[in-house]
Every structure is written in structure tokens, then in C-alpha cells.
Amino acid sequence: MLKKMPTHCGDETCSSCVIADNFIFLAHHAGGFDKQDIKHQMRATFERTKSTLASAGATLNDMVQINLYLKNLDDFDGAREVFYEYFDKGNFPARMTSQTDFLGADCLCMIDGVAYRKAQE
């Protein structure tokens, strides 16, 4: 089964995620641009990601891999701290972090990744 979910960013060329059997491939997620605070934006990003995963029958604890993109590497410690608020202890996904510029000037962070959900009955 292959299912492409509707856009989450207003760009019809970008699905919020693609479900391929039990795998969920997430597109870029970000949020919280009203504050230039990495923890605020990370929380908003995870909330948007949770919403997308829920629409696909999964949760953040189903994440197996996350790519974390930061505008400023100095924000890494603050961004990492927020992971403890959203994942069960000992259930962190594999993570790669890199620095990049974003199309939106107010964006400090963005994530994408892969989740694995149990077989749907």
C-alpha cells in the first residue's frame, strides 16, 4: 500500500507524509515562528509532527529516524532538551543533526524522518 497524505504547508507538490506499508516518511515539519526561541519552535514542530503521524495511525514513539535541521548550531543543546518532553525515555529515534538556511527567515528548526507503525488490522 502506498498513500500520499495531503500537504501540511500549502504546497501541493509536498505531501505531509507518504505511507508505504508500515513505514511513514515525513516531509519537513516546522512551526512556532511567532517566537525566535528554539525550544518554542521545537515544541511547535513536534506538535505538528504528532498531528501528521496521528493522521497516519502512528505516534512520535513510532519514529525510528529523525533529521534535525538547525539554523544555528548554538541552538543544539536547547533543541535536544525538547526531545525529552516528546519521547519516552529509552525510545529516542536515530538522529542526524545539520545546520542549514531555511526559506522562511523566522524558522530556527525543522525535522523530517521515518516512522514505523504496527500493521494495521
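A residue is called buried when its relative accessible area is under 20%, exposed when it is over 50%, and partly exposed in between. Under that definition arginine 43, with a relative accessible area of 31%, is partly exposed. The model is predicted.

- An open sheet is formed by 6 strands in the order β1-β2-β3-β6-β4-β5, and the pairing is mixed.
- Because β1 and β5 (94-99) stand at the edges with a single partner strand each, one side of each is left without a neighbour in the sheet.
- On average, neighbouring strands of this sheet are turned by 10° against each other, direction ignored.
- Strand β3 (residues 23-29) pairs with strand β6 (residues 109-116) in the antiparallel sense, over 5 bridges.
- Phenylalanine 25 has valine 114 in β6 as its bridge partner.
- Helix α2 lies across β4 and β5 and runs at about 155° to β4.

**Salt bridges**

- Side chains of opposite charge can pair when their charged atoms come close.
- The structure holds 3 salt bridges.
- One of them joins lysine 39 and glutamate 81, whose closest N and O atoms are 2.6 Å apart. Lysine 39 lies in helix α1 (residues 38-55) and glutamate 81 in helix α2 (residues 76-86), so this pair ties together parts that are 42 residues apart in sequence.
- Lysine 39 has a relative accessibility of 29% and counts as partly exposed; glutamate 81, at 39%, also counts as partly exposed.
- Arginine 43 forms a salt bridge with glutamate 85, and the closest N and O atoms of this pair are 2.8 Å apart. With arginine 43 in helix α1 and glutamate 85 in helix α2, the pair links distant parts of the chain, 42 residues apart.
- Glutamate 85 is partly exposed, and its relative accessible area is 45%.
- A salt bridge is also formed by glutamate 47 and lysine 50, with 3.7 Å between the closest N and O atoms. Because these two residues are 3 residues apart in helix α1, glutamate 47 and lysine 50 are separated by about one helical turn.
- Glutamate 47 is partly exposed at a relative accessible area of 38%, and lysine 50 is partly exposed at 36%.

**A buried serine in a loop**

- Serine 16 is located in the loop between β1 (2-4) and β2 (17-20).
- Its relative accessibility is 5%, so serine 16 counts as buried.
- Leaving aside residues up to four places away in sequence, serine 16 touches several residues, including Met5, Pro6, His8, Phe25, Leu26 and Thr52.

**A nonpolar surface patch**

- Phe23, Phe25, Val64 and Tyr116 make a nonpolar surface patch of about 350 Å².
- Phe25, a member of this patch, is also among the residues that serine 16 touches.
- Valine 64, another member of the patch, is placed in strand β4 (residues 63-70).
- Patches are made of residues with over 30% relative accessible area. Valine 64 is partly exposed, its relative accessible area being 39%.

Notes
Residues numbered from 1 in each chain as written. Predicted model: local features only at pLDDT ≥ 70, side-chain atom pairs only at ≥ 80, totals over all residues. Heavy atoms only, no water. Patch = residues over 30% accessible without salt bridge, like charges linked within 9 Å, V, L, I, M, F, W, Y side chains within 5 Å. Areas by Shrake-Rupley, 256 points an atom, 1.4 Å probe, with all protein chains shown as cover. Salt bridge = Lys/Arg side-chain N within 4 Å of Asp/Glu carboxyl O. Helix = DSSP H or I, 4+ residues; strand = E, 2+ residues; numbered from the N terminus. Buried < 20%, exposed > 50% of the residue type's maximum accessible area, 1.4 Å probe, protein only. Contact = heavy atoms within 4.5 Å. Pairing = 2+ DSSP bridges. Axes fitted to C-alpha atoms, helices over the stretch in contact; angles between N-to-C directions.
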